[in-house]
Amino acid sequence: MSEAFLEITTTISPPYSEKVRSVVETGSLNYLPYYLGDEALDCGRVFAITDSNVNALYGDRVQTVFDEAAVELTILEMPAGEQNKNLAVAASFIEDLSDQ
């Protein structure tokens, strides 16, 4: 596995700051459990939030990768488009997650 990654620091809300690791690599979807790390997977459950376009392209592959890693994956899908990136959609995801 050849890896190229960028590590940047982004400010979320003063005074909080969080390092974000971005992986850019052909086939990187195959290594999602590796990139998330053991600590993130210890609970045996992962939630992914995506839009309908991305889910149509990659959702099945992502599901397969987590199935093979024996990690339960729940994909929460919103309709594609900037107009759907809003607090009402976020609230519906929070409600969905609280039911799980």
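Mentor: Let's begin with Thr-74, which counts as buried because its relative accessible area is 13% (buried means under 20%, exposed over 50%, and partly exposed in between, with a 1.4 Å probe and protein chains only). Keep in mind that this is a predicted model, where local features need pLDDT of at least 70, side-chain atom pairs count only at pLDDT 80 or more, and totals for chains, interfaces and linings use all residues. Residues are numbered from 1 along each chain as its sequence is written, and side-chain values use heavy atoms, leaving out hydrogens and water.

Trainee: Thanks! Where is the place of Thr-74?
Mentor: Thr-74 sits in strand β4, residues 72–78. Strands (E, at least two residues) and helices (H or I, at least four) are DSSP runs, numbered from the N terminus.

Trainee: And which residues is Thr-74 in contact with, leaving aside its neighbours within four places in sequence?
Mentor: Those are Val-46, Phe-47, Ala-48 and Gln-100, where contact means heavy atoms within 4.5 Å.

Trainee: New topic: is Cys-43 buried or exposed?
Mentor: Cys-43 is exposed, because its relative accessible area is 58%. You'll find Cys-43 in the loop between α1 (32–41) and β3 (45–51). Its C-alpha atom is separated by 9.3 Å from that of Glu-72, and the two residues are 29 apart along the chain.

Trainee: You mentioned α1. At what angle do α1 and α2 pack?
Mentor: At about 50 degrees, with the axes of α1 and helix α2 (residues 52–68) 12 Å apart. Axes here are lines fitted to C-alpha atoms, for helices over the stretch in contact, and angles run from 0 to 180 degrees between N-to-C directions. That angle is why α1 is oblique to α2 (under 35 degrees is roughly parallel, over 145 roughly antiparallel, 65 to 115 roughly perpendicular, and the rest oblique).

Trainee: Which residues of α1 and α2 meet?
Mentor: From α1, Leu-32, Pro-33, Leu-36 and Leu-41 meet Val-62, Val-65 and Phe-66 of α2. By class, this contact has seven nonpolar residues, no polar ones and no charged ones. Ala, Val, Leu, Ile, Met, Phe, Trp, Tyr, Cys and Pro count as nonpolar, Asp, Glu, Lys and Arg as charged, and the others, Gly among them, as polar.

Trainee: Zooming out, how many helices and strands are in the chain?
Mentor: Three helices and four strands, and from the N terminus on the elements run β-β-α-β-α-β-α.

Trainee: Last one: what share of the residues count as buried?
Mentor: That is 22% of the 100 residues of the chain.
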